[in-house]
Amino acid sequence: MLSRDRKHMQHQHVTVKNMIYTKDHKTGYIFDPWHYLGPKRRKLLDESWAGLFRKDILCELPVGKLSPFFTEDFGRPTKELYAMCGALIIQQMCDLSDEETVAQLAFNLQWHYALDISDESDASKYICPKTLWNMRNIVTDNELDTILFDQITDRLAKVFKVDTDKQRLDSVHIKSNMRRLGRIGIFVKSIHKFLVNLKRQHTEVFETLPQDIVDKYLPEKALSCFSMVKPSDSEKTLASVSADLFDLVQRFSDHPKITSMHSYGLLLRVLEEHCNVTEASDDKPAEVSVKPSKEVPSDSLQNPSDPDAGYDGHKGQGYHIQVMETFCDEEDKEVKSTTLNLITHIEVKPACESDAHALIPALESTKDRGLAPKEVQADSLYGSDENCEVAAAMGIELISPTMGSPKGNTLNLSDFELSDKGKVISCPSGHAPVKIKTKKNRHSVAFDSEHCTNCPLINDCPVNQGKKYHYLRYDDKALRIANRRAAEQTPEFKERYRWRAGVEGTISVYEARTGVKRLRVRGLKAVRFCATLKAIGINIFRATAVRKSVRSALGGAVIALMGTPERVTPSLRHLILVFKEQIETTWGQLRKTLTPFACNYQSGLKMAA
């Protein structure tokens, strides 16, 4: 008799290029390996995220991008690559640690169904944390997470026929697994990290250091003393630790092997970002002084354990995630429940990066994949005049308020009456201009000085007195901004722009379901990996809910064809269910009876061949 695993492998095409193991999940089974579940549990699986993942996502995973990182004729066979790639996604969408992921893959039936693992062997359902760690490193280091997001998003957009004409964009601030440090902490931790690495890699050189420096910065207990510095002593302590850091930098500046160390590079970075160095002269040695905190750049080192993190003046240390999604502006609840709002773009940047620079890359990314919007809504940080012009050149309308607002009761160009072509018709007091002069993209509008001098609004008006007239001067950019400001006051703009707030709900769900705001990892690559795969998870959860709503709506349509719901009596429904279960039970028993004969027949054919 053939073993159960061999029987299963005969029913499912398996590709093993020596040591690289993949399964053909597009080819169906001769006999359903999930028949033992029964119709009700099978229905629950099919309607859950696991059913969607198995049917529409598993086959689309870019396993071909993973294969080059394994050899075909050396080492142990890989785990099934589709299952491993899928496990990485499910881990992030469920916000699990590595140990929890190993347990879920071993025992969770939903995972087995989603990843199409039907046999009970340890080879299929067990992985050690090191295997998971290695696979994640391959995906992270080679930016395959972006490819995963693009391919899965494109697949869901095609399956659910997502309308991408209207989209909205916003950012969310997240934190990596690092401690928040003040300036003293940054100096101290950087020195400690350097000393630890120096002791490991260059013991002989380490032993030449002054003992007071070693005692002050190397022991973990000694470091805790710096957290208890009084505010009144912070300036003195900061000067002391900066002098020690500068001394270490100078001491090893001529040692090539030490200067190539990553931790030494962090010392140089801290010195450059936080200190002013006075070069040595004939009678004075080099001196170091600490910069005022206002002069420290926002992209400065926030913690030696995460050199990629940045600083945002409003939200603090960490990273920004740019999230762009489609949206439906229909009020009908049934239409909204059956329309998939799909996250089409994810980008992770240090917190110091401005949102103003994130719009155009998002539009270009979606355009390259055929998911570009016709209009995109965003807050004022994205709505610079430059962004509006670039988006318009791409055929995309940017709906965003202009940055800033006039101070006090001062007037601006938008308070003047303008023609459709942008020419000034009259001033806020109703006086027409004497003459208008245009040169290239600059405009000069002259008003009668007699009117302007006696105008009660003269102190708040942007016109300036000239030799003959009072002049209003502006360029094309100021004109565009004035037209936008005027349009923002109309009911039509407010009605369109109110849909932008929905992206805040997406970000809230993003954090609540996947834990994206506080990650277990550090570094830009690892943070990008987690944030991107968690966004895939949100798309999967949403698609599952939409599919369920669509099926429910179709079920209602079937009932409508049979008659009103009141005419479908409980006894009739019970009769239909009994008949359905009887057919499924009979088919399951017949399948069990025929399975051994089919396996023996295929085995005989194989032996004869």
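What follows is a short tour, from the overall picture to single residues.

Visitor: Where do we begin, and how many helices and strands does the protein have?
Guide: Keep in mind that this is a predicted model. The protein has 25 helices and 16 strands.

Visitor: What share of the residues is buried?
Guide: A residue counts as buried when its relative accessible area is under 20%. Here, buried residues account for 44% of the 609 residues. As for the surface, the protein exposes about 33,400 Å², and carbon and sulfur atoms supply 53% of that area.

Visitor: How do I read contacts across the sequence?
Guide: Take the contacts between residues at least 6 apart in sequence, then ask what share of them joins residues at least 24 apart. In this protein the share is 71%.

Visitor: Can we try that on a single residue? Which residues does Leu-238 touch, leaving aside its neighbours within four places in sequence?
Guide: Leu-238 is in contact with Arg-183, Ile-184, Phe-187 and Val-290. Leu-238 itself sits in helix 14, which spans residues 234–251.

Visitor: Why is Leu-238 called buried?
Guide: Because its relative accessible area is 11%, and the cut-off for buried is under 20%.

Visitor: Now for charges. How many salt bridges does a search of the whole structure find?
Guide: To call a salt bridge, look for a side-chain nitrogen of Lys or Arg within 4 Å of a carboxyl oxygen of Asp or Glu. The search finds 28 salt bridges. One of them pairs Arg-42 with Asp-32, at 2.5 Å from N to O. Arg-42 belongs to helix 2 (residues 39–47) and Asp-32 to the loop between strand 2 (20–23) and helix 2, so this pair ties together parts 10 residues apart in sequence. Asp-32 is partly exposed, at 22% relative accessible area.

Visitor: Which residues are linked with Arg-42 in a network of salt bridges?
Guide: The network links Arg-42 with Asp-32 and Asp-46.

Visitor: What does the salt bridge between Lys-477 and Glu-386 tie together?
Guide: Their side chains meet at 3.2 Å, N to O. Lys-477 lies in helix 21 (residues 476–488) and Glu-386 in helix 19 (residues 385–393), so the bridge ties together parts that are 91 residues apart in sequence. Both ends are partly exposed: Lys-477 at 35% relative accessibility and Glu-386 at 44%.

Visitor: And where do Arg-496 and Glu-397 lie?
Guide: Arg-496 forms a salt bridge with Glu-397, and the closest N and O atoms are 3.2 Å apart. Arg-496 is in helix 22 (residues 491–497) and Glu-397 in strand 10 (residues 397–399), so the parts tied together are 99 residues apart in sequence. Arg-496 is partly exposed at 34%, and Glu-397 is partly exposed at 40%.

Visitor: Is Lys-440 buried or exposed?
Guide: Lys-440 is exposed, with a relative accessible area of 79%. You will find Lys-440 in the loop between strand 13 (435–439) and strand 14 (442–447).

Terms used: Residues numbered from 1 in each chain as written. Predicted model: local features only at pLDDT ≥ 70, side-chain atom pairs only at ≥ 80, totals over all residues. Heavy atoms only, no water. Helix = DSSP H or I, 4+ residues; strand = E, 2+ residues; numbered from the N terminus. Buried < 20%, exposed > 50% of the residue type's maximum accessible area, 1.4 Å probe, protein only. Contact = heavy atoms within 4.5 Å. Areas by Shrake-Rupley, 256 points an atom, 1.4 Å probe, with all protein chains shown as cover.
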